[in-house]
Each structure stands twice: as C-alpha cells, then as structure tokens.
Amino acid sequence: KVKNKMKKNVVIIGKGKWGNILKKNLIKLSNVKAHISREYRTQNYKNIDWVFVATPNHTHEKIINHFKNFKLNVFCEKPLVESSELAKKIYKKYKKTSNKLYVSDLLCFKKKKIKLKKNNLIIRSKNANYGLRKILFNLAYHDFYFLFNILKKEKYKIKLNYKKRDLKIELICKNKIFLLKYDLKSKIKKHKFNNINMVKNDNPLMNMLLKLLNNRVNYKLNKDRSNFAIKLVEKIIQTNK
C-alpha cells in the first residue's frame, strides 16, 4: 500500500476494458482525479503527476504528443504505436523534455521468474476472432519482452505458420529455439511459458503500477523492450508476405 501523503495524482484516459482495469487498481495506489475519454484536451492537468492512456492503439500517438509539453508523466498501454519508426520519433520528442514515458510491460513484473531453456515453448489459447496483426500486438507482443535480453544480441531466423485464428512462430538462434503457439479457437484460456502458468496466483499489474508510481522502474530498459517488441512484430508480418 501507498501512504496517503505519498500518493500521486493521476488521470486515466480511456473508459474501455483496460481503462476500467487500470482504475480498479489505481484507486488503491493513487489519487484518481479524473477518468475521461475524448475530452482529454479540455481537462485541467494542474498538480497531476501521471496520465494513464488506455485507448485504442491508433489513438496513442495523438494523445501522447498532446502531453509532451505538459509537466507530467505518461503511461501508455502497449503497444506505444504500431510502427517502430513512429515510436522512435515519439521517444525522441520526449527525450527533449523532463517528462517520463512508460509503456505497459506488466508480465515482466511477475513475481515468479521465467527461466529460459535451450528449447522454449510459449502457449496461448483463447476464443477470439483475431487476424495476424491483432494476434501479434494483443498477445505475442507481451511474450516478446521475455526474449529481449537474448534476442537483442543474437542472430535468429523466423519460421512462420499462420492460418485463420492459429499462429505458430519459431525463432531459431544458434543455441536456443523459441516456439510460440497461439490458438484462437479454444474455449479454454491459457498462457504458459515452459509449463509455468502465467495467468494465476499473481497480480503483475499491481506490482508494475506500484513500482512505477514510486519511480522504481527502468525507463531505458522499458523503451528498449518496447522498441524490440514492435520491430519483431514488423519482422514477422514481413515474413508472412
């Protein structure tokens, strides 16, 4: 818990599923001064420490750029944007300010650490009608964070097998293989990494928000992970062409 005198003042933008999930957690950790949507341009941000953006991907750039000249910090639901070149431009703009920009990477805040092996298997299943791009940005993007420390230094090949609502990705390195399977036809929701259930017995969102609000996160690492995940999505989409 955060003591009242230490609580940050925050505004949440976006009233969809993730906006409401953020609000449910943030009211325990901060002073939620407003939960708004399209009217974000007319809001008074005096004495606000953080703005939390939980809107559709295509709106992120416009909203984030709106706040670059405000003296407050911005948290954005993943992905920052769906283009590595555009992400680079946004980070460059924020570098010129004293504002902090953080992209959600909540699965990195699981208390149970994931151990990478020589052969690694990531499985996700749920019932959803996603195309390739949405599978990659909504599901695989989170999993790519775990691969950052290895693949940023490795040369790797991509093998892809994509059919409607079913995706298999092989990332083949010199000494390791990562097999990622996404099944969107299943009635059972699963998320496993090397047989470790990623869904239960933890609240990584609360862990992430608590560290973020207390300025105990690595902003550079977050930026590097975010950029890596976007670039890997772009490579996989290119492989499918």
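Biologist: Which residues is alanine 128 in contact with, leaving aside its neighbours within four places in sequence?

Modeller: In this predicted model, alanine 128 is in contact with Arg165 and Leu184 once the neighbours within four places in sequence are left aside. Alanine 128 itself is found in the loop between β6 (119-127) and α4 (132-151).

Biologist: Is alanine 128 buried or exposed?

Modeller: The general idea is that a residue counts as buried when its relative accessible area is under 20%. Alanine 128 has 11% relative accessibility, so it counts as buried.

Biologist: What does methionine 208 touch, not counting residues up to four places away in sequence?

Modeller: Methionine 208, whose place is in helix α5 (residues 204-213), touches Phe75, Tyr102, Ser104, Asp105, Leu106 and Phe109 when residues up to four places away are not counted. Methionine 208 is buried, with a relative accessible area of 0%.

Biologist: How many salt bridges does a search of the whole structure find?

Modeller: A salt bridge is read as a side-chain nitrogen of Lys or Arg within 4 Å of a carboxyl oxygen of Asp or Glu, and the search of the whole structure finds seven. In one of them, the side chains of glutamate 82 and arginine 133 meet at 2.7 Å, N to O. Glutamate 82 lies in the loop between β4 (73-76) and α3, while arginine 133 lies in helix α4, so this pair ties together parts that are 51 residues apart in sequence.

Biologist: Where do arginine 225 and aspartate 105 lie?

Modeller: Arginine 225 forms a salt bridge with aspartate 105, with the closest N and O atoms 3.6 Å apart. The pair links distant parts of the chain, since arginine 225 is in helix α6 and aspartate 105 is in the loop between β5 (101-103) and β6, 120 residues apart. Arginine 225 is buried at a relative accessible area of 15%, and aspartate 105 counts as buried at 1%.

Biologist: Which residues form the positive surface patch?

Modeller: The positive surface patch is formed by Lys88, Lys89, Lys92, Lys93, Lys96, Lys231 and Lys235. Lysine 231 is found in helix α6 and, at 46% relative accessibility, counts as partly exposed.

Terms used: Residues numbered from 1 in each chain as written. Predicted model: local features only at pLDDT ≥ 70, side-chain atom pairs only at ≥ 80, totals over all residues. Heavy atoms only, no water. Patch = residues over 30% accessible without salt bridge, like charges linked within 9 Å, V, L, I, M, F, W, Y side chains within 5 Å. Areas by Shrake-Rupley, 256 points an atom, 1.4 Å probe, with all protein chains shown as cover. Lys, Arg positive; Asp, Glu negative; His and termini not counted. Charge placed at Lys NZ, Arg CZ, Asp CG, Glu CD. Helix = DSSP H or I, 4+ residues; strand = E, 2+ residues; numbered from the N terminus. Buried < 20%, exposed > 50% of the residue type's maximum accessible area, 1.4 Å probe, protein only. Contact = heavy atoms within 4.5 Å.
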